[in-house]
Amino acid sequence: MAGRINDDDVKAVRDAVPIDAVVSEYLQLRNAGGGNLKGLCPFHDEKSPSFQVSPSKGLFHCFGCQEGGDTIAFMQKIDHLTFAEVVERLAAKAGITLRYEEGGYNPSHQRGERIRLVEAHKAAAEFYVDQLNGPEAEIGRKFLADRGFDQAAAAHFGVGYSPAGWDHLTRFLRGKGFSDKELITSGLSQDGRRGPIDRFRGRLMWPIRDTAGDVVGFGARKLRDDDNGPKYLNTPETPIYKKSQVLYGIDLAKKEIAKSSRAVVVEGYTDVMACHLAGVTTAIATCGTAFGGDHIKILRRLLMDNGSARVIFTFDGDAAGQKAALRAFEDDQKFAAETYIAIAPDNMDPCDLRLVKGDDAVRDLVEPRTPLFEFALRQIVGRYDLETPAGRAAALDEAAPVVAKIKTGSVQREVAVQLAGFIGILDQEYVVHRINQLAQWARGRGGDRRGPGPAARGGARHQQVQAAPVPSGPALNLRSPAHRTERELLKLALQRPELVAPAFDAYGSDEFTAPPYAAVRQCVEEAGGAEQGLADSREYLVRVLDATPNESVRKLITELAVEVFHGKSIDETYAGEHLVKVRLRAVDRRINDVQSSLARLGSNVAPEHLAAAQNEVWVLQQYAQTLRNHGADAL
């Protein structure tokens with residue numbers, strides 16, 4: 001049975017690896033004010049950033065989908081890991097040796113599946129790199145040299161070579177302690193007649209890394225004529241490799257993509273290499289599949305959908321390239337970024353272009369010139385004879401439905417006008433009207449079940465406003481002054497405990513009128529009170545989170561722990577005002593309860609009970625007046 005990781009070691013791992021450093025491996029973060037950072041949530045689709053990270057608290061929270069937690073929870077969610085797997089992964093990154101409380105436990109035999117598969121791929125990548133230096137790999141080194149890549153370039157991208165024998169890698173990884181089951185599951189080996197054999201043999205190998213930089217698969221290029229396999233052979237779908245969710249080169253390009261708000265999408269591994277070596281360090285490529293929705297999600301989190309974001313596709317000018325461009329245009333509306341297409345002279349790809357014309361030509365190629373929609377529409381109308389009325393009508397029939405898919409009304413109209421020009425139709429308003437009719441018809445058939453109402457007529461931006469979620473938090477009425485004040489006080493207790501302790505710790509859960517807020521107050525109490533946050537705020541928050549009874553309360557706590565305060569100056573005065581408001585409302589509620597009870601009982605109340613109740617009301621009224629007169633000093 002696996003031993004439990006020592007609690008002190010878990011705390012050391014949390015403290016050693018900043019949450020913003022971990023999250024930044026998956027998405028771009030920008031300043032959100034108050035010491036917080038924001039970005040596009042990786043757990044749901046959104047147009048504007050509602051995902052916030054608090055480096056000082058070590059927490060994240062999305063105000064859109066309510067996901068939240070600490071560094072460990074983030075990695076559990078995004079990489080589908082267990083708690084122990086994340087701690088082990090972060091410990092390795094921080095150089096921390098973990099202790100296991102049940103003694104005699106060898107973690108290498110108990111680690112989770114994902115970590116084991118990643119370790120197998122890391123060992124395989126190192127093996128392939130070593131093999132590239134051997135005599136058998138001369139054909140691979142020549143392939144690289146013929147395309148302008150020297151030894152340094154191969155090393156930078158981790159290019160390697162898989163020996164032509166049946167089981168060289170399999171025997172090597174067995175020697176590293178990996179089981180046959182793990183090798184088959186990883187996709188590095190496959191079943192043979194007498195057991196596992198290498199999947200990749202006699203090929204040039206490119207390691208495919210995820211956004212965090214872990215090797216999760218390989219792309220293998222055919223080198224010999226007697227190899228009957230496909231030109232490129234990729235890792236099959238595995239627990240850690242989904243071809244529709246990886247982009248080759250993203251580990252090298254992500255920082256520059258985020259910094260420059262620009263990404264260049266090319267078609268192959270050597271094209272990525274050529275672009276990066278030419279200075280275009282934002283280049284990435286898909287891995288044996290068309291560019292699609294999951295790839296867009298990866299890029300959007302890095303580009304942050306700001307107004308200056310650019311995505312440039314470099315497709316070949318042949319029929320396959322034109323088809324790829326049209327597919328990309330169909331997904332164009334999922335980007336807030338502007339999309340362009342770049343086609344090299346003589347239909348050369350970036351790798352060939354660098355060989356023939358040099359680095360400057362590659363850099364010039366990816367300067368955005370032709371919008372993707374313009375290229376796609378020209379490809380459509382170019383198939384018709386535009387000199388005849390019938391040809392122009394046929395071109396409009398095919399192109400109009402494509403333009404009608406554009407969600408934003410103003411953009412749709414602008415593209416419709418340009419389409420009229422491409423085809424040669426002088427009556428632009430006729431084309432605009434035709435496309436508008438098609439869009440309305442599509443909505444009527446279910447594309448937009450609300451029908452062509454105000455939201456539909458206003459385009460995508462207006463639809464987002466109409467579909468905006470209710471105020472965050474589980475069924476809380478944030479229009480209620482009481483709820484707003486209670487929420488702010490709980491934020492103070494979680495984020496700035498030094499401003500409200502020890503007074504806050506004397507508050508009962510019943511002083512919070514919203515049940516979710518009462519639950520948060522109870523968690524703070526079970527964690528030892530807000531005073532615990534004075535010594536170590538991060539450990540205090542961990543204790544509060546550990547005290548949560550369910551996931552709903554846990555998410556609310558992470559939300560409150562990162563949410564920005566409403567006040568301009570967050571100081572003792574601000575904290576005192578909220579402490580007093582919550583207490584005053586609690587006192588007033590108690591006065592009303594007692595008086596209502598007396599009114600219901602009327603003359604049936606016993607004299608001693610009447611006297612006690614009247615005395616309680618008088619005491620409470622005096623306390624309330626003192627709070628109003630002296631504020632926090634009366635607490």
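Which residue takes a positive phi in the hairpin of strand 3 and strand 4? I found that Gly 58 does, with phi near 70°, in a hairpin that has four residues between the strands.

I noted that this is a predicted model, in which local features need pLDDT of at least 70, side-chain atom pairs count only at pLDDT 80 or more, and totals for chains, interfaces and linings use all residues. Residues are numbered from 1 along each chain as its sequence is written, and side-chain values use heavy atoms, without hydrogens and water.

Strands. I took strands as DSSP runs of E with at least two residues, and helices as runs of H or I with at least four, numbered from the N terminus. Pairing requires at least two DSSP bridges. Strand 3 (residues 51-54) runs antiparallel to strand 4 (residues 59-62), joined by four bridges; Ser 54 has Leu 59 as its bridge partner. Strand 2 (residues 36-39) is also antiparallel to strand 3, through three bridges, and Leu 37 stands opposite Val 53. I then looked up the side chains of strand 3: Phe 51 and Val 53 point one way, Gln 52 and Ser 54 the other, and all are buried (under 20% relative accessible area, 1.4 Å probe, protein chains only).

Helices. I recorded that the axes of helix 10 (residues 250-260) and helix 12 (residues 293-303) come within 8 Å and cross at roughly 40°. In contact (heavy atoms within 4.5 Å), Ile 250, Lys 254, Ile 257 and Ala 258 of helix 10 meet Ile 298, Leu 299, Leu 302 and Leu 303 of helix 12.

Key
Axes are lines fitted to C-alpha atoms, for helices over the stretch in contact, and angles run from 0 to 180 degrees between N-to-C directions. Buried means under 20% relative accessible area, exposed over 50%, partly exposed in between (1.4 Å probe, protein chains only).
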